[in-house]
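Please look through the chain below before reading on.

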Amino acid sequence: MPNLQPPITRLSALKPRERGTFFAKLAERTSSQTREGLPFYACKFRDARRVAAFMVWADNQFYDACHNNWQAGQLFKIHAVFNDHDKYGPQLDVIKIRPVEPRDEADGFDPADFQDRPKLDPAATLADLRALIEAQIADEPLRRLVLGLIDRHAEKLKAIPAHPRAFYPFPGGWLEHVLSVARTSRWLAERYSERYPDLRPPLNLDVVTAGAVLHDIGRAAELEPVDPDVPTEFTVDGRLFGHLFLGRDMVRDAAREQADLNPELLRLVEHTIVSHLNHPEWGSPRLPLIPEVLILHHADDLDAKMEMYARCLTKDAGPGMFTERDPVLGRQLFKGREV
């Protein structure tokens, strides 16, 4: 008897208006309401190279299952039509959907295909970050403060992403991002110290390095890793206060244990934490008022954007000269180049 089951493809292999059956992870499930007060869920399904949205309205046949049973991080077998909307990006019109089952392995299902893993070993990255702190923060009390915070939260820092969705969105991503930002910030600060020898006081390299290492330390209180296969969740304090205020509080609380810490150094490091985002629309409560934060801001933004660009270009498998529209970057990247 002929096999009547549709062949298995990949979400990332589907062309606009093409129907296919594929495996995908539910990356996000966000509840909301229409203007009329009707509930709906905005879901995002992904494979290794594509993320596509599925709007589950209250009158959709899958609404009850989505509401009662679906969880972020869950894996599904889906039969759907794929489309790429000019404004909203990749979209799915789901025809059939169910959680994956053991029998799906016979059709090529492999859970490892949907697991984001760090590029570097978190333990080794943590050791490299500690070595940088030891070598580049000359002020001993400040060095002790920074090392103490990193060591106190080491296990969580090895497990959390730099950002839950936007950049380095995998376990250990925090460490990879912070180490990169610290190295770049220090290099820039040394170059600008040479460029502006008459600046008084000169750029404080300890503030630059300590600020770079601690600029996102609040993520340790803002985020709660659940499982490598489940998206990181926000803590209650994370939702109420955000990582900037939480990070400043963590640094200030740790500083109370060190009576020998220069209070002006502490104040400058606190300023780097609360102002390094620079733009109020990004959530920055204060603007940078010292040049050390200017250096950190641009190193931080560049590192985040480069990781996002590299991931988009590496994972895109579609045809054409441009990638699919990245929902976070809000643009299509040019990939049709040979030099």
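Two residues are said to touch, or to be in contact, when they have heavy atoms within 4.5 Å of each other. This is a predicted model, in which local features need pLDDT of at least 70 and side-chain atom pairs count only at pLDDT 80 or more, while totals for chains, interfaces and linings use all residues. Residues are numbered from 1 along each chain as its sequence is written, and side-chain values use heavy atoms, with hydrogens and water left out.

**The chain as a whole**

- The chain holds 10 helices and seven strands, where helices (H or I, at least four residues) and strands (E, at least two) are DSSP runs, numbered from the N terminus.
- Along its principal axes, the C-alpha trace of the chain spans about 80 × 45 × 40 Å.
- Of the 339 residues of the chain, 44% count as buried, a word that stands for under 20% relative accessible area, with exposed meaning over 50% and partly exposed lying in between (1.4 Å probe, protein chains only).
- Among contacts in the chain with a separation of 6 or more, 57% come from residues 24 or more positions apart.

**Helices α2 and α5**

- Helix α2 (residues 122-136) packs with helix α5 (residues 173-195) at an angle of about 30 degrees, their axes being 9 Å apart; axes are lines fitted to C-alpha atoms, for helices over the stretch in contact, and angles run from 0 to 180 degrees between N-to-C directions.
- That angle makes α2 roughly parallel to α5, because angles under 35 degrees count as roughly parallel, over 145 as roughly antiparallel, 65 to 115 as roughly perpendicular and the rest as oblique.
- The residues that make this contact include Leu126, Asp128 and Leu129 of α2, together with Glu176, Val178 and Leu179 of α5.
- By class, the contact of α2 with α5 has nine nonpolar, two polar and four charged residues, where Ala, Val, Leu, Ile, Met, Phe, Trp, Tyr, Cys and Pro count as nonpolar, Asp, Glu, Lys and Arg as charged, and the others, Gly among them, as polar.

**Glu176, a residue of α5**

- Glu176 lies in helix α5 and is buried, with a relative accessible area of 8%.
- Not counting residues up to four places away in sequence, Glu176 touches Pro118, Lys119, Leu120, Thr125, Tyr168 and Phe170.
- Glu176 and Asp128 are 48 residues apart in sequence, and their C-alpha atoms are 10.0 Å apart in space.

**Helix α6 and the pair α3 and α8**

- Nine of the 10 residues of helix α6 (residues 205-214) are buried, so this helix is largely enclosed by the rest of the structure.
- The buried residues of α6, among them Val207, Ala210 and Val213, pack against α2, α3 (140-152), α5, α8 (236-255), α9 and α10.
- Helices α3 and α8 pack at an angle of about 115 degrees, with their axes 10 Å apart.
- The contact is made by Leu145, Leu149 and Arg152 of α3 and by Met250, Val251, Ala254 and Ala255 of α8.

**Cysteines and a loop residue**

- The count comes to zero disulfides, a disulfide being a pair of cysteine sulfur atoms within 2.5 Å.
- Cys43 is in no disulfide, and the nearest cysteine sulfur, that of Cys66, is 3.8 Å away.
- At 1% relative accessibility Cys43 counts as buried, and Cys312 is buried with a relative accessible area of 10%.
- Asn278, found in the loop between α9 (263-275) and α10 (291-315), is buried, with a relative accessible area of 19%.
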